[in-house]
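Please walk me through this structure.

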Amino acid sequence: MTTIPDDERTLAELVADNPARAVVLDRMGLDFCCHGNRSLSDACTAAGLDPKKVAASLDEVAGEAPAAWTGGGRRGLAAYVEKTHHSYLHAELGSLELLARKVRSVHGDRHPELDRVAHLVVEIA
């Protein structure tokens with residue numbers, strides 16, 4: 001069993017520990033990028049969200065683990081990779097493209113390499 005993230009950890013720390021949490025925070029309107037230095041508690045209070053409910057959602061993501069491959073030759077391995085990794089990518093790449101564009105638009109003046117990052121995300125998608 002995983003533990004609910006400490007309310008005083010920052011949003012950036014929570015995402016750094018488990019990048020899948022970024023999707024949960026983004027869907028809840030909690031900015032883990034430019035305002036990632038805020039604690040989970042402070043960010044939830046400012047957004048009018050219940051920190052315990054948000055923490056529970058983050059904990060659910062942290063507890064998700066892909067099933068282990070149990071063998072079955074090349075065909076079984078290909079099916080495992082498709083189900084475990086590709087389906088996740090197809091589900092998340094649209095959000096990742098939006099996030100890459102957002103980060104580039106906000107920080108691109110100081111970090112021109114973000115233009116290349118955003119371009120590569122589009123290529124991957």
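How many cavities of 30 Å³ or more does a search of the whole structure find? The search finds one. Keep in mind throughout that this is a predicted model.

**The chain as a whole**

The protein chain has six helices and zero strands. Its pattern along the sequence is therefore simple to write: α-α-α-α-α-α. The chain holds 125 residues, and 29% of them are buried.

**The cavity**

The largest cavity contains about 70 Å³ of space. Its lining includes D26, L30, D31, F32, C33 and C34. L99, K102, V103, V106 and H107 line the cavity too. Helix α5 gives the largest share of this lining, with five residues.

**D31, a residue of the cavity lining**

D31 is among the residues that line the cavity. Where does D31 lie in the chain? D31 sits in the loop between α2 (21–27) and α3 (40–47).

D31 is buried, yet D31 has no salt bridge. The nearest side chain of opposite charge belongs to K102, 4.8 Å away.

What does the side chain of D31 reach instead? It reaches the backbone nitrogen of C33 at 2.8 Å. The side chain of D31 also reaches the backbone nitrogen of C34, at 3.2 Å. Leaving out residues up to four places away in sequence, D31 touches L11, G36 and R38.

Two elements give two or more residues to its lining: α2 and α5 (73–107). The lining has 14 residues in total. A22, V23, E92, L96 and L99 lie nearest the centre of the pocket. Helix α5 supplies the largest share here, seven residues.

**Salt bridges**

How many salt bridges does a search of the whole structure find? The search finds three.

| R9 | D17 | 1.9 Å |

Take R9 and D17 to begin with. Their side chains meet in a salt bridge. R9 is partly exposed, with a relative accessible area of 23%.

Next come R101 and E97. Both lie in helix α5, four residues apart, about one turn of the helix. Is E97 buried or exposed? E97 is buried, because its relative accessible area is 18% and the cut-off is under 20%. R101 has 39% relative accessibility, so R101 counts as partly exposed.

R104 lies in helix α5, whereas D115 lies in helix α6 (residues 113–124), so the pair ties together parts that are 11 residues apart in sequence. R104 counts as partly exposed at 28% relative accessibility. D115 is partly exposed too, with a relative accessible area of 45%.

**Back to helix α5**

Helix α5 turns up again and again. It gives five residues to the lining of the largest cavity. It gives seven to the lining of the second largest pocket. Helix α5 also holds R101 and E97, and it holds R104.

Terms used
Residues numbered from 1 in each chain as written. Predicted model: local features only at pLDDT ≥ 70, side-chain atom pairs only at ≥ 80, totals over all residues. Heavy atoms only, no water. Buried < 20%, exposed > 50% of the residue type's maximum accessible area, 1.4 Å probe, protein only. Lys, Arg positive; Asp, Glu negative; His and termini not counted. Salt bridge = Lys/Arg side-chain N within 4 Å of Asp/Glu carboxyl O. Polar contact = N/O pair within 3.5 Å; in protein donor to acceptor, adjacent residues only side chain to side chain. Contact = heavy atoms within 4.5 Å. 1 Å grid on protein atoms, 1.4 Å probe; cavity = no way out; pocket = protein on both sides within 12 Å on 5 of 7 lines; lining within 4 Å. Points joined across faces, edges and corners; volume = space filled by probe spheres on them.
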